[in-house]
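Thanks for coming, everyone. Let me put the model on the screen, and then we'll walk through it piece by piece.

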Amino acid sequence: MTPKNLLFVIRQTPYGPLPGKEIVDALLACSAYGQNISILFINDGVFHLSPNQQAQLIKKSSVEKMLSALAIYDIDKIYACEESVALRNITLSGGPLTVTLLDRSKINALMSKQDKLLSF
């Protein structure tokens, strides 16, 4: 079976209704089946990229630690919306991932190259 290009579009906060842990589990499951995985953090999803998250204060597991394990599974095509990062004052240095910032036109180009978009 030919691997599919899958783009996970993460729009929600890491500790909201659909916890970041569930998203990471889905990423790892798709990776285990040899799919070509890319991740785009956009809108409030960019909060996943914040360094020094203190999830224990709300009695949650840190998404930051889970995201840092993605490289082990060869998930390294990680993008964030430049505008979303700027609007929310997110500092990417020291965060859990190495991220490429994209403007809206590059996001559209990225999406057009995918077989499936999975939005969270």
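Start with S50, in the loop between β2 and α2. A word on those names: helices (H or I, at least four residues) and strands (E, at least two) are DSSP runs, numbered from the N terminus. Is S50 buried or exposed? S50 is buried, at a relative accessible area of 15%. Buried means under 20% relative accessible area, exposed means over 50%, and partly exposed is in between, with a 1.4 Å probe and protein chains only. Leaving out residues up to four places away in sequence, S50 touches E64, I90 and P96. Contact here means heavy atoms within 4.5 Å.

Some ground rules. This is a predicted model, so local features need pLDDT of at least 70 and side-chain atom pairs count only at pLDDT 80 or more, while totals for chains, interfaces and linings use all residues. Residues are numbered from 1 along each chain as its sequence is written, and side-chain values use heavy atoms, with hydrogens and water left out.

Now the helix α1. It has 13 residues and reaches 18 Å from its first C-alpha to its last. That is close to the 18 Å expected at 1.5 Å a residue, where the expected span is 1.5 Å times one less than the number of residues. G20, I23, V24, L27, C30 and S31 are buried in α1. Viewed down the axis of α1, the buried residues fall within an arc of 125°, so they line one face of the helix. The arc is taken from the directions from the helix axis to the C-beta atoms. And what do these buried residues pack against? They pack against β1, β2 and α2. After α1 comes G34, with a positive phi near 75°.

Next, the core. A nonpolar core is a set of buried Ala, Val, Leu, Ile, Met, Phe, Trp, Tyr and Cys residues joined through side-chain atoms within 4.5 Å. The largest one has 23 residues, and L27, I37, I39, F41, L70 and L97 touch the most other members. β1 (5-10), α1 (20-32), β2 (36-41), α2 (63-67) and β3 (77-81) each supply at least two residues. The largest share, four residues, comes from α1. There is also a second, separate core of nine residues, including L7, V9, L102 and L110.

Beyond its neighbours within four places in sequence, I37 is in contact with L6, F8, L27, C30, S31, I75 and K77.

On to the strands. Two strands pair if DSSP finds at least two bridges between them. β2 and β3 run parallel, joined by four bridges. S38 stands opposite K77 in β3. β3 also pairs with β4 (residues 100-102), again in the parallel sense, over three bridges. There, C81 stands opposite L102 in β4. From β3 the chain goes through helix α3 (residues 82-87) to β4, a right-handed β-α-β crossover. Right-handed means that, with the strands pointing away from the viewer, the path from the first strand over the helix to the second runs clockwise. Four of the five residues of β3 are buried, so β3 is largely enclosed by the rest of the structure.

Most residues other than glycine have a negative phi. D74, in the loop between α2 and β3, has a positive phi near 60°. N89, in the loop between α3 and β4, has a positive phi of about 55°. D74 is exposed, with a relative accessible area of 67%. N89 counts as exposed at 69%.
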